[in-house]
Amino acid sequence: MNKTFLAPAKINLCLHVVGKRPDGYHELAMLMQRVSLYDTVRIALVAEGGVRVVCKGVDLPPGGENIAARAARRMLELSGADCGVEIVIDKAIPVAAGLGGGSSDAAAVLMGLDEMLSTALGKERLMAEGGKLGADVPFFIFKEPAWATGIGDCLETVPSLAPFWYVLVNPGVAVSTAWVYQNLGLTSPGTVARMPGFLETTAGVVRLLHNDLEGVTIPRYPVIASLKERLLGLGAAGALMSGSGPTVFGVFEGVEAARAACEELATVPGWRSFLVRAL
Ligand SMILES: C[C@@](CO)(OP(=O)(O)O)[C@H](O)COP(=O)(O)OP(=O)(O)OC[C@H]1O[C@@H](n2ccc(N)nc2=O)[C@H](O)[C@@H]1O
Ligand SMILES: Nc1ncnc2c1ncn2[C@@H]1O[C@H](COP(=O)(O)OP(=O)(O)O)[C@@H](O)[C@H]1O
């Protein structure tokens, strides 16, 4: 049996670091939204035992095995199934980019194998299993725009978030999430952030844009500030780095201006741009 699943990217419309736990993880307050840029994850159940993963379209940086393989191994364990799993991932989401590609692949494997192995674990349990693989994995199982607290794994639905157009621009450098958090000097107790109310207008979303992690990444990768300026110059109502970066997104009122900006930025050597819709 084999099936194909789409694993979307995410952006963080805001990311406030509100504290640090004794185990080193940071407590956050974030608004997260999935967007229409997808890895394609093909999963096959095979007779030969074990898990094999192939990633096409990208050279994953060395170190650490594929998070999708860890997800598959866990599902085999939970199901007790007497088979193996082969996974082929067509990577369209830039790697180590602040777009959650690995977490989304892992979530797709958990949800996909839950269906294919008939484990019927339910959303809550799958989110809990996802949280053991990475802080961002539960969000991709939650599947709705979310106000995320804790280490990013306590999720509440955000009411009335309009489906904006975004242009994502990636400058072609990989940024390690662990490095960013390690270099974050926490001053004072951190910001207290609350779930925003109505987010139906562009102005409402633009007011929200804030990412504490830019304080670490921009001094090391000034290109992130240039990306923001270019997007604003091309008509974005606001621009922000997503997650731990370096991808920047611009918020656009209309699709035509967004498309023009996306095409213009794609001409810069080494940059990749994507026109996406909020999911
Ligand atoms: C920054 C964010 C924002 O959505 O996304 P990305 O930029 O990675 O996409 C997330 O917080 C990334 O979550 P995720 O990438 O799942 O993190 P993990 O694999 O669990 O951890 C990677 C590294 O980041 C640190 N980490 C992660 C989450 C968190 N709340 N505090 C941390 O200090 C961990 O200590 C670990 O060294
Ligand atoms: N399926 C996968 N896709 C992308 N990266 C993966 C995957 N599995 C493991 N990784 C590792 O996870 C790291 C973070 O990747 P990714 O999820 O793309 O970035 P980010 O955390 O910035 O959103 C990469 O450096 C890579 O080595």
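Trainee: Which elements are among those that cover the buried residues of H9?
Mentor: Bear in mind that this is a predicted model, where local features need pLDDT of at least 70 and side-chain atom pairs count only at pLDDT 80 or more, while totals for chains, interfaces and linings use all residues. Residues are numbered from 1 along each chain as its sequence is written, and chains are lettered from A and ligands numbered from 1 in the order in which they are written. Helices (H or I, at least four residues) and strands (E, at least two) are DSSP runs, numbered from the N terminus. The cover over the buried residues of H9 includes strand S7 (165-170), helix H8 (223-233), strand S10 (248-252) and strand S11 (272-277).

Trainee: And which residues of H9 are buried?
Mentor: Buried takes 20 or more other C-beta atoms within 10 Å of a residue's own, exposed takes 12 or fewer, and partly exposed is in between, with C-beta atoms placed from the backbone. In H9, that picks out Ala258, Ala261, Cys262 and Leu265.

Trainee: How far does H9 reach from its first C-alpha to its last?
Mentor: H9 spans residues 255-266, so to speak, with twelve residues in all. The expected span is 1.5 Å times one less than the number of residues. That expectation comes to 16 Å, and H9 is close to it, reaching 16 Å.

Trainee: On to H8: which exposed residues does the face away from its buried side carry?
Mentor: The buried set is Ile224, Leu227, Lys228, Arg230 and Leu231. They cover an arc of only 165° around the axis, which puts them on the same side of H8. Among the elements covering them are S7, S10 and H9. The face turned away from that side carries Glu229 and Gly233.

Trainee: Which residue just after H8 takes a positive phi?
Mentor: Look just past the end of H8 for a phi of about 105°. The residue with that positive phi is Gly235.

Trainee: How many residues does S1 give to the side of domain 1 that touches domain 2?
Mentor: The domain bounds, from an automatic or database domain assignment, are domain 1 (2-157) and domain 2 (165-277). Their contact (C-beta atoms, placed from the backbone, within 7 Å) takes 26 residues from domain 1 and 35 residues from domain 2. On the domain 1 side, strand S1 (2-20) and strand S2 (26-46) are the elements giving two or more residues. S1 has the largest share, ten residues.

Trainee: Where does ligand 2 lie relative to the domains?
Mentor: A residue is near a molecule if its C-beta atom, placed from the backbone, lies within 6 Å of it. Of the 20 residues around ligand 2, Ile67, Ala96, Gly101, Gly102 and Asp105 come nearest. Domain 1 and domain 2 both give residues to this shell, so ligand 2 lies between them.

Trainee: Which helix gives the most to that shell?
Mentor: The elements giving two or more residues are helix H1 (67-79) and helix H2 (101-116). With four residues, the most comes from H2.

Trainee: Is Asp39 buried or exposed?
Mentor: Asp39 belongs to strand S2. Leaving aside neighbours within four places in sequence, its contacts include Ala7, Gly101 and Asp105. With 26 other C-beta atoms within 10 Å, Asp39 is buried.

Methods:
Contact = placed C-beta atoms within 7 Å. Arc of directions from axis to C-beta.
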